[in-house]
Amino acid sequence: MTDTLDASAAVSAATGATAPAAAGDGAGASPASLITGGGVRTIPMAKALNAGLAAALAADQKVLLMGEDIGPLGGVFRVTENLQRDFGGHRVIDTPLAESGIVGTAIGLAMRGYRPVCEIQFDGFIFPGFDQITTQLAKLTARHEGSLRMPVVIRVPYGGHIGAVEHHQESPEAYFAHTPGLRLVSPATPHDAYWMIQEAIASDDPVLFFEPKSRYWPKGPVDLDSSGIALHASRVVRRGTDVTVVGHGAMVSMLLDAATLAEEEGTSIEVVDLRSLSPIDYEPLLESVRRTGRLVVAQEAPGGVSVGSEIAATVSERAFFSLEAPVIRVSGFDTPFPPAKLEGAYLPDVDRILDGVDRALSY
Amino acid sequence: MSHTAETLQLLAPDGRLVENESAERYKPIVDGLDESLLQSFHRTMSVIRAFDIEAGNLQRQGQLALWIPSLGQEAAQVGSGYAARPQDHIFPAYREHAVGHIRGLDVVQIIAMLRGLSHGGWVPEEVGNFHLYTLVIGSQTLHATGYAMGVQFDGLIGTGDADRDTAVMVYFGDGATSQGDVNEAFVFAQSYRTPQVFFLQNNHWAISVPVSVQSRTPLFHRPAGFGIPSVQIDGNDVLASYAVTLESLDAARSGEGPRFIEALTYRMGAHTTSDDPTKYRADDEVESWRRRDPIARFETYLRGLGASETFFADVAQEAADFAADARRRTLALEPPAAESMFAHVYSEQHPLMDAQREWLRSYEASFGGDA
């Protein structure tokens with residue numbers, strides 16, 4: 001991985017209590033965790049997030065990272081690897097083990113003008129912080145009638161396919177997509193991860209940033225010159241004519257695999273990467289459904305009262321006369337996430353997606 | 001009652017200064033109080049009591065959805081409120097009307113909130129850094145700790161510049177001490193050594209549950225377990241509240257880390273106007289606290305110092321005028337436009353807000369009015 005980085009850059013590891021990191025100060029030194037120069041690099045999502053966080057830290061002295069084990073360890077997924085070394089312990093802060101404390105103090109820091117980026121270690125551990133996120137973070141701008149902004153990002157590694165224990169494989173995004181005042185995005189590729197984390201940090205609104213942990217390691221291209229698309233835009237990532245399938249995060253690569261398989265059998269699937277779950281950018285999706293007449297919504301999360309349900313309802317309302325079939329949901333079951341040996345039966349896979357496509361085509 | 005042998009008191013209920021070893025330590029502060037500040041203590045306690053009673057009346061007359069009385073807690077709030085410096089930041093719970101008034105908040109903005117017209121909405125930096133009320137019990141303690149971390153990162157402690165060094169003070173009640181957030185705030189405050197004072201008003205009742213159910217130990221013993229220096233004071237003694245808060249804020253500003261004050265006081269009224277304290281507490285308990293009334297105590301002290309009858313008459317008139325003015329302005333408060341509910345959910349453009357605002361607009365217009 002290091003061959004993709006500018007290894008010649010000098011490391012500036014300010015660790016004093018008040019001295020700012022040298023990054024971006026024009027002195028010519030650049031933290032090693034920054035990817036410098038332009039062009040396209042092929043890196044894993046975890047490295048793209050690391051570089052995106054480094055870029056945000058370098059661009060704005062008010063950006064702080066906080067979370068459990070994010071310092072010398074670099075986070076349990078190494079997404080913050082070397083960032084404390086490069087930007088100092090006052091910018092990359094190991095916190096006590098208390099999620100409500102992390103979010104609650106991040107709110108106070110944002111009130112003081114900082115832009116905190118909190119790491120929640122695993123999806124299922126966000127709930128001790130749920131109260132601060134939903135009753136405080138989400139509502140403070142409205143409570144202040146706009147005079148206060150809440151530029152807080154909460155990073156949440158989420159989703160299954162990693163064979164882990166209870167609370168480590170869940171997809172709790174619907175709780176937050178349901179909460180007014182929050183934004184919620186989820187990248188599906190290293191390119192989007194690199195750019196969306198920087199755009200989320202630049203947003204003056206609170207952003208829940210859901211990282212599909214099963215996609216941390218596969219490599220993909222990152223165009224370092226341009227994101228090419230707005231933070232909250234959805235995007236057609238494969239053209240097709242028979243059925244539209246939509247998903248987010250780790251589901252997108254599975255949808256693309258399903259489309260490839262279906263093509264061999266003569267079915268043309270159009271794939272939409274949702275990218276943003278709150279707000280949802282419906283226009284590309286509706287435009288697609290108006291052409292294909294059929295929609296399958298896929299997600300790892302349980303299907304009941306979920307993002308997929310919301311999309312099904314909205315598309316039914318807004319594209320009713322274009323639909324040739326009901327909107328089909330393919331999702332995790334409405335059970336607790338099962339023990340890891342059963343996750344293959346719980347999580348939608350390519351076959352379950354294609355089964356959904358077949359059902360949509362059967363009308 | 002939860003007074004302990006260690007409870008610090010400077011002014012006894014009979015209006016005389018306490019003379020003992022711990023009181024001696026604060027004597028320089030008490031001796032240094034000038035006449036005008038002493039008069040301000042009395043004026044503010046009296047004005048806010050009159051306002052508080054008037055606001056309760058407004059609720060009973062159907063003008064407010066709810067009122068949150070502060071009656072009986074004036075000394076704890078006024079002493080601590082006057083001890084803060086202009087650059088300090090105050091995170092209240094929801095009963096600190098006197099502190100807001102001291103910091104420059106128009107207390108009719110509190111009424112607007114309880115009349116159902118806003119969720120607060122004031123700009124802290126425009127009202128003496130007095131932050132918004134927080135109704136989820138104890139949540140604000142973490143905001144205060146985070147804010148204090150920011151003050152520390154900004155290098156605004158321990159410089160020795162009295163006009164720059166900054167502290168944060170957060171208010172909360174005895175019920176809040178059972179919340180996880182309050183305990184996490186202690187943890188974070190100690191981890192980062194924040195410039196912060198935790199000010200607990202122990203008014204002895206978390207709605208209907210007495211403090212004895214929240215804790216089997218005096219509450220100020222808890223932060224001590226986190227390593228935070230803590231003290232218990234007679235919260236109906238405005239001099240103790242002022243002196244101890246002044247000392248604690250100075251320590252926080254100078255970089256000594258967080259401090260904790262437990263002020264023993266009593267909620268003379270209901271938790272809110274929706275509450276009925278006759279169902280759960282005895283009249284003789286209320287009566288015993290009436291004899292410890294913070295304003296009467298301080299009035300006796302001021303008379304002993306030679307304050308004139310005219311002064312007290314003037315304060316009484318000022319309090320009555322303040323309450324009448326609050327009533328007049330309350331009755332003139334109108335609800336905001338319905339569309340305002342969409343205005344500040346997000347600070348940046350949001351398609352759902354735009355669509356729903358437009359929908360409401362056209363729905364209202366469909367009735368053919370001039371909306």
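R259(B), I261(B) and A263(B) point one way from strand β7(B). F260(B), E262(B) and L264(B) point the other way. Residues on both sides are buried. The model is predicted.

**Strand β7 of chain B**
- β7(B) spans residues 259–264.
- The strand is mostly covered, with six of its six residues buried.

**Pairing with β3(B)**
- Strand β3(B) covers residues 196–202 and pairs with β7(B) in the parallel sense.
- Six bridges link β3(B) and β7(B).
- F199(B) has I261(B) as its bridge partner in β7(B).
- I261(B) is also one of the residues that point the same way as R259(B).

**Pairing with β6(B)**
- Strand β6(B), residues 230–234, runs parallel to β7(B).
- Five bridges join β6(B) and β7(B).
- D234(B) finds its bridge partner in β7(B) at L264(B).
- Helix α11(B), residues 238–253, carries the chain from β6(B) to β7(B).
- This β-α-β crossover is right-handed.

**Contact with chain A**
- On chain B, 33 residues are in contact with 34 residues of chain A.
- Three elements of chain B give two or more residues each to this side: α7 (139–153), α8 (180–192) and α15 (351–365).
- α7(B) supplies the largest share, eleven residues.
- By type, the residues on this side of chain B are 16 nonpolar, 14 polar and three charged.

Note on methods:
Residues numbered from 1 in each chain as written. Chains lettered and ligands numbered in written order. Predicted model: local features only at pLDDT ≥ 70, side-chain atom pairs only at ≥ 80, totals over all residues. Buried ≥ 20, exposed ≤ 12 C-beta atoms within 10 Å, placed from the backbone. Helix = DSSP H or I, 4+ residues; strand = E, 2+ residues; numbered from the N terminus. Pairing = 2+ DSSP bridges. Right-handed = clockwise from strand over helix to strand, strands pointing away. Contact = placed C-beta atoms within 7 Å. Nonpolar A, V, L, I, M, F, W, Y, C, P; charged D, E, K, R; others polar.
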